[in-house]
Amino acid sequence: MVSVAEITPVDYSAPGRIARARSFLRRHRVFAAAFALGGLLRIVTMLGYGPAMWFNDSYEYISVALHPRPHPIRPDGYGFWLLLLKPFHSLTLVTLTQHLMGLATAVLIYALLRRKFALPKWGATLAAAPVLFDAYQIQLEQLIMSDAMFTLLVVGVITLVLWHRRMSWKVGAVVGLLLALTWLTRSIGLPILALVVVYLLIKRTGWKPVVAVVTACAIPVVAYMSWFAASFGKFAMTNSDGLILYMRTAIFADCDKMDIDKYKEVELVLLCINDPVHQRKDYAQWYLWGQGSGDGQGTGEVLHRWGSGKKFTDITNDAASAFAIRAIVSQPGDYLQVVARDFLRAFHWGRPRFPDAATYNMYEFKPYYELDSTGNPKRLPNWPSYQGRTDTDAFAYEAGPPETRIVSPWADIMSGYQKVFYLRGIMLGGIMLVGLYGIVVRWRSFGGPVLLPWLGAFGLLLAPAATAEFDYRYVLPAVPLACIAAAITLRRGVTSVRALPTSPSASVPTSPGAGSSRPTEPDTTTRS
């Protein structure tokens with residue numbers, strides 16, 4: 001007797017991949033349309049300003065990619081990313097990946113608010129809109145800068161933490177690795193680590209996830225700091241934190257009020273600024289990066305009094321840190337005044353020129369070439385770099401001309417677009433106030449899930465004002481977190497009411513809340 005295997009019937013009615021994709025897009029058509037338009041704007045940008053746009057810091061990142069080493073001023077996370085893409089010799093590929101990072105950030109926002117907080121599709125799309133459509137966000141992605149990568153990492157961390165109500169140690173390890181990448185991309189990642197750990201402790205997540213977060217973050221960071229120590233003899237991330245804090249305080253520091261012993265504290269005396277107060281610059285960056293007039297007084301030349309010819313050494317950095325701390329302790333009112341002034345710059349209606357015209361213009365789409373003194377388009381600067389010059393480094397990375405090529409009509413489109421479509425500071429202030437309200441009304445649960453993204457946004461706005469100086473690009477990474485916090489706050493008011501089941505077998509709930517027509521707000525607190 002021969003047995004015949006039964007043939008499994010094929011269900012020809014089962015939808016294929018294309019049909020499922022179409023169904024998915026129909027279900028999320030509002031966000032899909034916004035996503036497509038955001039992608040189109042980025043394509044126009046790449047056509048109008050290829051292969052990339054440049055900022056002063058861009059050349060140092062390129063230098064690290066060409067000559068891998070721990071950099072004395074900033075961590076190497078973004079430089080490592082450029083190193084991974086170096087074999088392709090394409091700045092166009094670099095900016096493409098950054099635009100994809102911006103789009104991925106919007107996807108994370110939408111997915112988190114839809115799946116975990118039940119916002120309607122239009123509400124979740126609205127929260128992602130600043131990332132998709134803000135012209136300055138798109139322009140920042142076209143720059144050879146770390147900000148798009150940093151923003152994606154931060155939003156990724158917040159999304160993972162809020163997504164998992166009861167976090168396992170494995171998820172904690174992933175969060176820790178993302179935090180390590182965040183820290184290695186920009187130094188502000190350290191406060192974000194502290195914020196996440198404190199949040200997990202408040203929410204009683206358990207000791208295993210917290211230990212996993214800290215351990216997974218510490219391993220890459222300690223490895224990098226060990227590499228830094230092997231090169232500079234100091235177990236640290238950079239040799240710049242004290243100098244950057246010095247420039248923050250140099251704008252108001254008065255050595256007569258700081259009680260400096262000129263005989264025992266010579267290293268602090270050398271950092272004193274002797275210009276009269278009324279001749280001081282009104283922006284702090286000048287005291288670190290500005291060029292002096294040759295008098296050695298109250299200018300960027302102050303940092304050259306040490307005679308080494310290098311600013312970013314451990315000796316200079318430690319002395320600058322000691323000077324800055326003394327200035328803050330001696331003049332707390334002046335320090336708080338400059339911090340408050342810079343913090344509030346983020347909430348202006350327009351974009352006043354700050355800190356200077358040159359820096360301000362680097363964030364602008366221009367429909368024309370800037371000309372040099374001979375009437376020719378400006379080339380990249382030829383400043384000295386680690387083993388060459390900035391312009392030759394950029395040429396070597398691209399294996400061709402690296403200068404930004406401004407092409408009409410695409411450049412004209414984005415230049416005109418930027419004049420209208422960006423999130424104004426006063427709107428960001430309103431979004432922050434909505435999130436703050438969400439924390440206040442949830443005070444019994446320490447702000448609930450609103451607390452983490454709102455504090456993250458607040459910290460990203462406050463930290464530059466407190467430790468360096470306001471810069472427009474520092475505002476943009478805070479926007480997605482502020483939008484998440486505001487969206488969670490408003491969820492109860494915008495979620496549409498669902499109809500009760502009409503099936504005869506559907507039972508009427510007998511306990512309060514058992515059959516609520518509205519999804520309950522996820523609480524990330526682990527209950528005992």
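The structure holds 13 salt bridges. Among them are a pair between lysine 234 and aspartate 318, a pair between glutamate 370 and lysine 366, and a pair between arginine 379 and glutamate 403. Salt bridges also link Asp57, Arg74, Asp147, Arg186 and Arg473 in a network. The model is predicted, with a mean pLDDT of 87 for the protein.

**Salt bridges**

- In the bridge between lysine 234 and aspartate 318, the closest N and O atoms are 3.2 Å apart. This pair links distant parts of the chain, 84 residues apart: lysine 234 belongs to the loop between helix H11 (207–232) and helix H12 (241–250), and aspartate 318 to helix H15 (residues 314–330).
- Aspartate 318 counts as partly exposed because its relative accessibility is 41%, which falls between the limits of 20% for buried and 50% for exposed.
- Glutamate 370 and lysine 366 meet through their side chains at 2.1 Å, N to O. Glutamate 370 is partly exposed, with a relative accessible area of 32%, whereas lysine 366 is buried, with a value of 13%.
- The side chains of arginine 379 and glutamate 403 form a salt bridge at 3.9 Å, N to O. Arginine 379 sits in the loop between helix H17 (357–361) and strand S2 (384–385), and glutamate 403 in the loop between H18 and S4, so the bridge ties together parts that are 24 residues apart in sequence.

- Threonine 404 is placed in the loop between helix H18 (390–398) and strand S4 (405–406).
- Between threonine 404 and arginine 379 there are 9.0 Å in space, C-alpha to C-alpha, for a separation of 25 residues in sequence.
- Not counting residues up to four places away in sequence, threonine 404 touches Tyr49, Gly50, Ala52, Met53, Trp54 and Tyr369.
- Toward alanine 52, the side chain of threonine 404 reaches the backbone oxygen at 2.5 Å.

**Aspartate 391 in helix H18**

- Aspartate 391 is part of helix H18. This residue is classed as buried because its relative accessible area, 17%, is under 20%.
- A polar contact at 3.0 Å joins the side chain of aspartate 391 to the side chain of arginine 389.
- Apart from neighbours within four places in sequence, the residues in contact with aspartate 391 are Leu380, Pro381, Asn382 and Pro402.

- Helix H3 (residues 58–66) is mostly covered, as eight of its nine residues are buried.
- The buried residues of H3 are Ser58, Tyr59, Tyr61, Ile62, Ser63, Val64, Ala65 and Leu66.
- These buried residues pack against helix H4 (77–85), helix H5 (91–115) and H18.

**Nonpolar surface patch**

- A nonpolar patch on the surface is formed by Leu37, Leu40, Ile43, Leu47, Val407, Trp410 and Ile413, which together have about 600 Å² of accessible area. Two or more residues of the patch come from each of helix H2 (29–48) and helix H19 (410–418).
- H2 gives the largest share of the patch, with four residues.
- Leucine 37 lies in helix H2 and is partly exposed, with a relative accessible area of 43%.

**The protein overall**

- The secondary structure comprises 23 helices and four strands.
- Of the 528 residues, 51% count as buried.
- The protein exposes about 25700 Å², of which carbon and sulfur atoms supply 64%.
- Among contacts between residues at least 6 apart in sequence, 76% join residues at least 24 apart.

**Confidence of the prediction**

- The mean pLDDT of the protein is 87, and 85% of the residues reach 70 or more. Over residues 292–299 the pLDDT is below 50, and this stretch has 19 contacts in the model beyond near neighbours in sequence.
- Residues 522–528 also have a pLDDT below 50, and 19 contacts beyond near neighbours in sequence are found for this stretch in the model.

Technical notes. Residues are numbered from 1 along each chain as its sequence is written. This is a predicted model: local features need pLDDT of at least 70, side-chain atom pairs count only at pLDDT 80 or more; totals for chains, interfaces and linings use all residues. Side-chain values use heavy atoms; hydrogens and water are left out. pLDDT is the predictor's confidence in each residue, from 0 to 100. Contact means heavy atoms within 4.5 Å. Patches are made of residues with over 30% relative accessible area and no salt bridge: like charges are joined within 9 Å, nonpolar side chains (Val, Leu, Ile, Met, Phe, Trp, Tyr) within 5 Å. Accessible areas come from the Shrake-Rupley method with a 1.4 Å probe; for residues, only the protein chains shown count as cover. A salt bridge is a side-chain nitrogen of Lys or Arg within 4 Å of a carboxyl oxygen of Asp or Glu. Buried means under 20% relative accessible area, exposed over 50%, partly exposed in between (1.4 Å probe, protein chains only). A polar contact is a pair of N or O atoms within 3.5 Å; within protein, one must be able to donate a hydrogen and the other to accept it, and residues adjacent in sequence count only if both atoms are side-chain atoms.
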